[in-house]
Amino acid sequence: MTATENKITIKRPDDWHLHLRDGATLSAVLPYTAALYGRAIVMPNLTPPVTNVAEAAAYRDRILDALPDGWSFKPLMTCYLTDNTDPDDVERGYREDVFTAVKLYPARATTNSEFGVTAWENIRDVLARMEKIGMPLLIHGEEADPEIDIFDREAAFIDNVLNDWMIRDYPELKIVLEHITTKEGAEFVADAKGNIGATVTPHHLVLNRNDLLAGGIRPHLYCLPIVKRDKHRVALRVAVTSGDNSFFLGTDSAPHPISAKETDCGCAGIFNAPNAIEVYANVFEEMDALDKLEAFASLNGPGFYGLEPNRDTITLERKSCMVMGEIDIPESDDSIRPFLSGEHLNWSVTKT
Ligand code: DOR
Ligand code: ZN
């Protein structure tokens with residue numbers, strides 16, 4: 001890493017949590033990630049979801065086909081865990097380098113999670129196998145019980161699942177608690193052993209629930225887990241700038257057409273791929289911790305996954321940039337609105 005007051009060069013980052021979708025949307029959104037990031041963990045919550053090796057290999061081919069010629073970007077595929085996932089298929093996919101990880105959605109916790117896990121006893125054999133072979137489990141850590149208040153679902157998941165049985169019964173299982181949103185999440189990961197990490201999104205570092213709800217409801221700031229009270233945003237900022245290598249970059253960039261966001265029952269998801277790194281840079285600067293940005297964005301994730309960091313670099317400069325407007329979805333009348341569209345950020349990527 002090299003840094004002056006106005007310019008910082010870091011190893012090329014990776015995105016450890018990304019939704020790329022499929023078809024026309026995939027082609028529209030992929031370049032924003034692939035231009036900057038070396039690799040990305042690709043979420044499997046398509047409709048229908050990616051639940052076995054053959055589907056993951058085919059999805060990976062579609063992603064590579066959508067990549068502009070000559071670009072280097074490696075999609076790292078995940079397996080959507082269901083009640084019926086076969087441990088042998090998971091292990092084969094991991095050994096054949098198709099699957100990098102398995103994604104756990106509690107059924108009905110979020111977008112396209114209806115095929116997720118309905119009872120924990122159904123996944124015990126898969127977890128045991130993953131623990132044995134060292135394969136990471138990526139968790140959408142929210143209790144799906146409709147009785148539990150939406151703002152308490154992450155903390156409830158930590159109590160009722162992670163602390164209650166999962167880390168006791170599978171102590172060596174590699175776990176990433178995805179897109180943490182709470183003080184409880186940050187503390188759980190900071191206190192855990194080295195086999196537990198967390199991704200943190202740009203939006204959870206800059207938004208609190210007033211931003212979402214006070215003075216009018218903002219559908220483009222609605223995501224899951226939902227943004228919380230400000231003390232949680234502050235705790236996440238402290239965690240990512242603490243120097244603890246358990247925390248790493250995962251944008252959870254999750255594009256939806258505007259028609260599905262600005263409607264009676266809008267979808268959860270924020271499309272931040274075009275400007276996530278600039279938002280992170282702003283946050284690290286505000287925390288007086290720009291020297292920690294490279295570890296968070298480019299080193300801690302590969303370290304956790306047992307991969308080498310990327311060799312090439314990117315440069316960010318302190319130069320005001322306006323976040324781009326909507327992007328069209330080919331073959332449709334719809335478009336996608338980027339996070340903070342039309343607002344100004346202090347940092348710009350000037351070299352990739
Ligand atoms: O906000 C979200 N959007 N959270 C998720 O867990 C899923 C994602 C999506 O797929 O749109
Ligand atoms: Zn996600």
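Ligand 1 has 13 residues around it, and the closest are Arg21, Asn45, Thr110, Leu224 and His256. Keep in mind that this is a predicted model. By class, that shell is made up of seven polar, four nonpolar and two charged residues.

Histidine 256 places a polar side-chain atom 2.7 Å from an oxygen atom of ligand 1. For asparagine 45, a polar side-chain atom is 2.8 Å from an oxygen atom of the ligand. Threonine 110 has a side-chain N or O atom at 2.9 Å from a ligand oxygen. How much of the accessible area of ligand 1 does the protein cover? On its own the ligand has 290 Å² of accessible area, and the protein covers 99% of that. As for where ligand 1 sits, the space it takes is the largest cavity.

That is the ligand. On to the sheet.

Four strands make an open sheet, in the order S1-S2-S11-S14, with antiparallel pairing. Which strands stand at the edges? They are S1, residues 2–3, and S14, residues 344–351. Each has a single partner strand, so one side of each has no neighbour in the sheet. In general, strands of a sheet pair through backbone hydrogen bonds, parallel or antiparallel. The partner of S14 here is S11, residues 313–322, and the two pair in the antiparallel sense over six bridges. To pick out one bridge, cysteine 321 is partnered with leucine 345 in S14.

I will stop there and take questions.

Terms used: Residues are numbered from 1 along each chain as its sequence is written. Chains are lettered from A and ligands numbered from 1 in the order in which they are written. This is a predicted model: local features need pLDDT of at least 70, side-chain atom pairs count only at pLDDT 80 or more; totals for chains, interfaces and linings use all residues. Side-chain values use heavy atoms; hydrogens and water are left out. A residue is near a molecule or strand if one of its heavy atoms lies within 4 Å of it. A polar contact is a pair of N or O atoms within 3.5 Å; within protein, one must be able to donate a hydrogen and the other to accept it, and residues adjacent in sequence count only if both atoms are side-chain atoms. Accessible areas come from the Shrake-Rupley method with a 1.4 Å probe; for residues, only the protein chains shown count as cover. On a 1 Å grid over the protein atoms alone, a cavity is a set of points where a 1.4 Å probe fits but cannot get out, and a pocket is an open set with protein on both sides within 12 Å along at least five of seven lines; lining residues have an atom within 4 Å of a point. A molecule sits in a cavity or pocket if more than half of its atoms lie within 2 Å of its grid points. Ala, Val, Leu, Ile, Met, Phe, Trp, Tyr, Cys and Pro count as nonpolar, Asp, Glu, Lys and Arg as charged, and the others, Gly among them, as polar. Two strands pair if DSSP finds at least two bridges between them.
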